[in-house]
Amino acid sequence: MTVVAERAPATRLSRPAAFTAIAAILVTFAAASAVPSPLYVVYQQLWGFSPAMLTVIFAVYVVALIATLLTVGALSDHVGRRPILAGAIALEAVSLILFLAAGDVSVLLVARVVQGVATGAALSTLGATLIDLNPAHAPGRAGLISGIAPVAGLGLGAFGAGALVKFAPFPTHLVYAVLLTGMVIAGLAVAWMPETARRRPGAAASLIPRLGVPARLRGDLFALVPIMVASWALGGLYLSLGPSVASDAFGVHDHLLAGLVVALVTGTGAVTSFLLRAVATARVLTIAGAGLLTGGALGVAGLVTGSLALATAGTVISGAGFGAASLASFSTLARIAEPHERGELLAVALTISYAALSIPAVIAGQAATRIGLHTTALWYGTMVAALGLVALLSRRRA
């Protein structure tokens, strides 16, 4: 048994307070990762880079994140949660300082790489810590929060950044200063929280990149892969190209509305996750596949006809599918993993998710320079709908 059972010192946060703090930190990391999305259009106007470069900026973040998940993802199972979280928060603060100082695309790339490393180190550790601290009277709460918090954070970050760009001064700086303050508070919370995992041997070996899943868990994880790929590929479209597509296809040039494009998907996803929290996982997965299929189809129809109403409806329904997929996936992972398996299992699941988030988006960014943003968005939306259909059919066969 690896979870610490002894009473925490009086100077530490209580376990309920620590659970709340970890959930808030998870939201903050997700928000920070989404903040650049509505700012990309501003950066393009300032520095004149192409849609292909835009997706490169997006991709270097995900590549760094995945590389970190593959190496550091299981480390907290061996050295404890607090040291990894403290290091991740410090790195995130460095990335935010780089964003504040950025004056060209090269510094922006470096900032995104550092942010990817920080987020990769944080995500699996935060998820494992939530499960460690899960209250006994609410066994499903950690899975619920793990499903809702990242999706809600993405929406909060994108919409908040869009609002600050539109209404506040210093559009490419103020939001990062706000997040930097949040990271200082997060660091204090981690310093005061109890450690939830004992040290155990194997820390150095855990740094060797691998995608290892215990044999008894593979069936459950593999059953989730189709819906994870479909939902995170959708997220990649909106986070990388969503505001640019809205501007190009529908003439949406308002920065607040650009942030709303991302927030519609993620906000709807967060609300859906909460509303479905008591529904059986198998049914939630069916709802997820149906939402991604229907939403993707409506989005494509909106692009073909030039109907903003259809495209908006597709975005909302796709967001519902995204939220349902996130809830079902993280609830299942929280339920099946033993304490010493949590960091590693979440790292594998997140690696799959972020690969699906980034690879199609990068291909789309390169394609947009050759066949145009509108045509690329049509093909991408069709792909998401097809993936939703595959996920839905795989659930019915199961």
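The lining of the largest cavity has 10 nonpolar, 3 polar and no charged residues; here Ala, Val, Leu, Ile, Met, Phe, Trp, Tyr, Cys and Pro count as nonpolar, Asp, Glu, Lys and Arg as charged, and the others, Gly among them, as polar. A cavity is a set of points on a 1 Å grid over the protein atoms alone where a 1.4 Å probe fits but cannot get out, and lining residues have an atom within 4 Å of a point. Of the 13 lining residues, Leu 26, Leu 123, Pro 150, Phe 330 and Leu 350 lie nearest the centre of the largest cavity. Its volume is about 150 Å³, taken as the space filled by probe spheres set on the points, with grid points joined across faces, edges and corners.

This is a predicted model: local features need pLDDT of at least 70, side-chain atom pairs count only at pLDDT 80 or more, and totals for chains, interfaces and linings use all residues. Residues are numbered from 1 along each chain as its sequence is written, and side-chain values use heavy atoms, without hydrogens and water.

A pocket is an open set with protein on both sides within 12 Å along at least five of seven lines. The largest pocket holds about 450 Å³ of space. Its lining comprises 25 residues, with Tyr 238, Phe 250, Val 261, Ala 311 and Thr 315 closest to the centre. By class, 17 are nonpolar, 8 polar and none charged.

The second largest pocket holds about 320 Å³. Among its 20 lining residues, Pro 139, Gly 140, Arg 141, Gly 143 and Ser 331 lie nearest the centre. This lining divides into 10 nonpolar, 6 polar and 4 charged residues.
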